[in-house]
Each structure stands twice: as structure tokens, then as C-alpha cells.
Amino acid sequence: MNIIHRLTAATFLSLLSFSPMAQIVTAVDSTIEGAEEKISTQASKEGKSYEILGASFKNRVYMTAELTPVNKK
């Protein structure tokens, strides 16, 4: 029983996001370049970097990205 609780807790903790400052944004445009430009502009306005998580095309491009704080060294 104790092993089940530990396994459940480990699974739950592994699913948590370790970057609480991350933000998910979406963009819709007629081209991939246009959608990425919208995400890039939003990231620049907020002073963050972005990573594209996915994109799909169904008459328009739907793109999802994660904005994260810029790592300053």
C-alpha cells in the first residue's frame, strides 16, 4: 500500500510544471510565418523567449507556444 502511495505521488509530481512563470499562448494566421511572427511579437513585448509546442493547418495555421522568462547570465 505504501508503494502505491509513493508511486502515485511520484507520478503526480512528474506531471507538474517546474516553470511556474511559463505562459501558453496561441496564434492564428494564414501562414506559418505569420503565426510565428505573432507569437514572437507577443514574447518580445513581455520580454520573454518562446518555444513552439505545436502547429496545425486547417484552412488557417493554429500555433501554440510557451513563453518563458529569458535566462540572464
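**Close-up legends for a predicted model**

**View 1. A salt bridge links E46 and K48.** E46 pairs up with K48 in a salt bridge whose closest N and O atoms sit 4.0 Å apart. A salt bridge here is a side-chain nitrogen of Lys or Arg within 4 Å of a carboxyl oxygen of Asp or Glu. Both partners are partly exposed: E46 has a relative accessibility of 35%, and K48 has a relative accessible area of 23%. For burial labels, buried means under 20% relative accessible area, exposed means over 50%, and partly exposed is in between, using a 1.4 Å probe and protein chains only. A quick note on the model: it is predicted, with local features needing pLDDT of at least 70, side-chain atom pairs counted only at pLDDT 80 or more, and totals for chains, interfaces and linings taken over all residues. Residues are numbered from 1 along each chain as its sequence is written, and side-chain values use heavy atoms, with hydrogens and water left out.

**View 2. The whole chain, for orientation.** The protein chain has two helices and three strands, in the order α-β-α-β-β from the N terminus. These are DSSP runs numbered from the N terminus, with helices being H or I of at least four residues and strands being E of at least two. Of the 73 residues in the protein chain, 16% are buried. Its accessible surface is about 5900 Å², with 60% of that belonging to carbon and sulfur atoms; the areas come from the Shrake-Rupley method with a 1.4 Å probe, and for residues only the protein chains shown count as cover. Among contacts (heavy atoms within 4.5 Å) with a separation of 6 or more, 49% join residues 24 or more positions apart.

View 3. D29 belongs to strand β1, residues 23-29. The structure has two salt bridges, and one of them joins D29 to K38, with the closest N and O atoms 3.3 Å apart. D29 counts as buried because its relative accessibility is 16%, while K38 is partly exposed at 42%. A polar atom of the D29 side chain also lies 3.3 Å from the backbone nitrogen of T31. Beyond four places in sequence, D29 touches G34, A35, K38, R60 and V61.

**View 4. Nine residues form the largest nonpolar core.** Its members are V25, A27, A35, I39, A43, V61, M63, A65 and L67. β1, α2 (32-46) and β3 (61-69) each put in at least two residues, and β3 gives the most, with four. A nonpolar core is a set of buried Ala, Val, Leu, Ile, Met, Phe, Trp, Tyr and Cys residues joined through side-chain atoms within 4.5 Å. I39, from helix α2, counts as buried because its relative accessibility is 0%. Skipping neighbours up to four places away, I39 touches V25, A27, Y50, M63 and A65. V25, with neighbours within four places set aside, is in contact with I39, Q42, M63, T64, A65 and L67. I39 and T64 are 25 residues apart in sequence, with 8.4 Å between their C-alpha atoms.

View 5. Strand β2 (residues 48-57) runs antiparallel to β3, and nine bridges join the two; strands pair if DSSP finds at least two bridges between them.

How values were computed. Polar contact = N/O pair within 3.5 Å; in protein donor to acceptor, adjacent residues only side chain to side chain.
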